[in-house]
Structures are given as C-alpha cells and as structure tokens.
Amino acid sequence: MLDLGRHAWDKPEPFRLGQQQEITLNILLVGAGLSGAVIGRKLAEAGHTITIVDSRDHIGGNCHTERDADTGVMVHVYGPHIFHTDDEEVWNYVNSFTKFMPYKNRVKTTAQGAVYSLPINLHTINQFYGKTLRPNEARAFIEEQADKSITDPQTFEEQALRFVGHGLYAAFFEGYTIKQWGVTPDQLPASILKRLPVRFNYDDNYFFHKFQGMPVEGYTPMIAAILDHPSITVKLGTTFTAADAEGYDHVFYSGPLDSYFDFELGRLGYRTLDFEKFTEDGDYQGCAVMNYGDKDVPFTRITEHKHFAPWETHEGTVCYREFSRAAEPDDIPYYPIRMTDEKALLADYITLAEKTPAVTFVGRLGTYRYLDMDVTIREAMDTADLFLKSETDGTAMPAFAVAPL
Ligand SMILES: Cc1cc2nc3c(=O)[nH]c(=O)nc-3n(C[C@H](O)[C@H](O)[C@H](O)COP(=O)(O)OP(=O)(O)OC[C@H]3O[C@@H](n4cnc5c(N)ncnc54)[C@H](O)[C@@H]3O)c2cc1C
C-alpha cells in the first residue's frame, strides 16, 4: 500500500534485490537545482529509486535559463551564471551532459563618470590616475597610495585602504559594497579581502580558473540531461514540508535550513535581488556585465544576457538592472549574510539538524553558504559517495556532509 502523505505524490515501495543482497532505497530529494540533480543522478545510477520535488515550475534552481519569447535571447532568469572551475572531474562531468562554449567573463564598471575595466588591473590603474605605468611602476605607485597608518586592519574598509588607498577604494569598493550588502565596509570583516585585489598586468579575465565556459543551450537543458534517468521522477510545483519525509528511507534537502524547521528559532538573514528586466533593439551596453560603483546609482549592475552567448546573433536584447536588499520572508533568498548574529543562529539550527534522523542538508540553502556551481557539484558528488559508503558500511549518514560553519 502506498503512503501518499500530505501531498499526493507517489512514494514508491522499497524493494529488495534478494539475490545480490542489494537494497533499493526510496530517496527523496528536495530541490531540482544542481545539488538535487547531481545527488539524484549518482544514487539512481547506484540502483536507488529517486523522487525529486521542487516548489518551482521548472528544474535548475537558481541556474535556470530560458529563452526570451520576444527576442530569442537566452536569459539567466535568477541572475547571470558563468561556469568556472579548476576541478577537472567536475568539468568533465558537466561536459558529459552538454556542450560548453568558451566564455571569459570580462566585467566593466561605471564609476565617477567614467568606464573602467574590472577586476582592477593595469589598464584600470593607468586610466584612473591618467598614467602610463608599467607593471613594476604601478606596483610601487599603488604601494604609495596605500594607507600605511593602518597597521593591523580589522575591517574590510581598513584592509582595502591599506591595500589600494583611498582613490581606488572609493571608486571601486565602497559604493558597490554598500549597495550589495546594505552595510558600510567598516562593518564587514577584513578577511573578505585576503589578498591585494589588483592585477599588475592587462589581464581582465574575471576568474583565474583553468576551465571556463557556458553551456551552449543554457543550464536548464544540462540539468534536464542529468535528471534524465529511468529511476528519477521529478515533481514540479510541489512544496515539501518536514512531514513529507515520512515513508522515504532518506531525504536530501537543498531548501533553506531554517525553513525545514519552520523558522522555529528565527530566520537566517539573506540578501535578495530584484531584477528590473528591459528589452531594447541592438546592443544596449556592449558587454555582458556593467557594474555601477557610485553610491547614488541605486542598482549594482546591469547584465545584458545576449553577451553571455556571443556565438548567437539576436536583433533585440534583454537586460536586467539588478538591485540588492535584505530578504523579507516571501523573497527569494540569494546571498547568505553570515555575520556574527547569523552564525550564532546557524549553530543552533545545525544542532537541530543533527538531531533529525535520515535527513541530509545540502547545497547553498541547506548549508547556508555561498557556493559556486562547481563547488555545488563537487559537494553533491561527494555527498552521494558518502551516502553509498555509509550504506555499505552500515553507518549513519550525517546531517551535513560538509560542515556549514
Ligand atoms: C545572483 C547569483 C549569481 C550566481 N552566479 C554564479 C556564477 O556566475 N557562477 C557560479 O559558479 N555560481 C554562481 N552562483 C551560484 C549558483 O547559483 C549555485 O551554486 C547553485 O544554484 C546552487 O545550487 P543548489 O541546488 O544548491 O541551490 P538552488 O539552485 O537554490 O536550488 C534549490 C532548489 O530547491 C527548491 N526548494 C527550496 N525549498 C523547497 C521546498 N520546501 N520544497 C520544494 N522545493 C524547494 C528551490 O525552489 C530551488 O529550485 C550564483 C548565485 C547567485 C545567487
């Protein structure tokens, strides 16, 4: 007899392959983003029966892409996503599900009435200061700008001033940080800027990683291919609550950690994003990402989505003006804040999670961490491996495969 629970989705009966002494488990994954898809695929390939639910009406989580009906432009619905990694296994994994096109992220910023190249590089320095410095000259020049009265930087602001001095700090760090995080840089820890955030050459590739690219048809078809396995059933428009775990042998939960416990200890703080979408003819800004560093411009950046697929041609163009603010209960949680108060609350939720049997909290929301896609995939692969090992060894699968704190 099937136990249909509070929701009418099917929960398949466990069944045992007696001769091989292997057990097929009924596993529920909450969230059809990268975490759910990658874990689900690995466990399906190991012979388990997988149900994946997502409250949204599409797969892909925040990586979801879809073509704009009017222009045909591939839109990164929840903000731009560029794939970059040094992890060769992860790179081979994603390439086994879709074709990747070469893509380098080259970001510009408008600040103090001019357009500059990011991350701060030799071109930015020369343009900003009206100079023609070579690398070693620029290094010495920036050292002269640095505020040497700060001997033991404690805050992000002090660290930036110590590294680059007031000019570059005011143009490229201060306003953007205030808009992105809703706090002044003197309220953020120095650890955010671990290294000198400046390149003394003309390399304007935003990422250092060895492998960088874009899936040719966007991320959603790639994730659909990962989910395409006979033992995986995906149920969209289906919201999970803790009571729905009943009847499954194990649950992997990639929703918000505090939401699993119905926010009983309070809400973990997130920043959310508002995207103001607009379409134009032709080319709006000539690049994929234009940051706006000035405090009095209310948005942080404009992204022009057709430039994320430079191998395509479109007459129209789709842009997102991006605004950042504190998330309210009904907003999409984007960036975990992880300041001191949130970390204390997180520790209490971790304790609750560790007392919850047969549930593993995964992904960016389940572990309340910012995770790039490659890290999400790596952790999902390792989590599935840990689960399979714990089944073989007869040990309990932990609440977290990766410690959130
Ligand atoms: C604005 C932005 C830009 C980014 N850009 C990049 C980038 O350029 N490069 C990069 O590598 N990474 C980027 N990332 C990170 C990337 O989005 C994440 O690595 C990835 O989305 C994490 O996947 P996930 O499956 O853990 O979470 P998600 O994608 O958030 O998926 C979780 C899913 O769970 C579902 N869910 C939650 N609760 C429930 C519930 N109770 N019941 C049912 N379903 C539920 C949600 O609907 C969602 O679909 C970016 C992130 C943001 C916010």
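Biologist: Where does R338 lie?
Modeller: R338 sits in the loop between β18 (335-336) and α8 (340-354), where helices (H or I, at least four residues) and strands (E, at least two) are DSSP runs numbered from the N terminus. This is a predicted model, in which local features need pLDDT of at least 70 and side-chain atom pairs count only at pLDDT 80 or more, while totals for chains, interfaces and linings use all residues. Residues are numbered from 1 along each chain as its sequence is written.

Biologist: And what is phi of R338 near?
Modeller: Phi of R338 is near 55°, which is a positive value in a residue other than glycine. Most residues other than glycine have a negative phi.

Biologist: Is R338 exposed or partly exposed, and why?
Modeller: R338 counts as partly exposed because it has 17 C-beta neighbours inside 10 Å. A residue is buried if 20 or more other C-beta atoms lie within 10 Å of its own, exposed if 12 or fewer, and partly exposed in between, with C-beta atoms placed from the backbone.

Biologist: What about D262?
Modeller: D262 also has a positive phi, near 55°, and it lies in the loop between α7 (257-260) and β14 (270-281). D262 counts as exposed, because it has 9 C-beta neighbours inside 10 Å.

Biologist: Changing topic, which peptide bond is cis?
Modeller: The bond from L118 to P119 is cis, with omega near -15°, and P119 is found in the loop between β10 (114-117) and α3 (122-129).

Biologist: Now the strands: which ones pair with β13?
Modeller: Strand β3 (residues 26-30) runs parallel to β13 and is joined to it by four bridges, and β13 also pairs in the parallel sense with strand β19 (residues 359-361) over three bridges. Two strands pair if DSSP finds at least two bridges between them.

Biologist: Which residues have the most contacts inside the largest nonpolar core?
Modeller: They include L29 and Y253, in a core of 64 residues. A nonpolar core is a set of buried Ala, Val, Leu, Ile, Met, Phe, Trp, Tyr and Cys residues joined through C-beta atoms within 7 Å.
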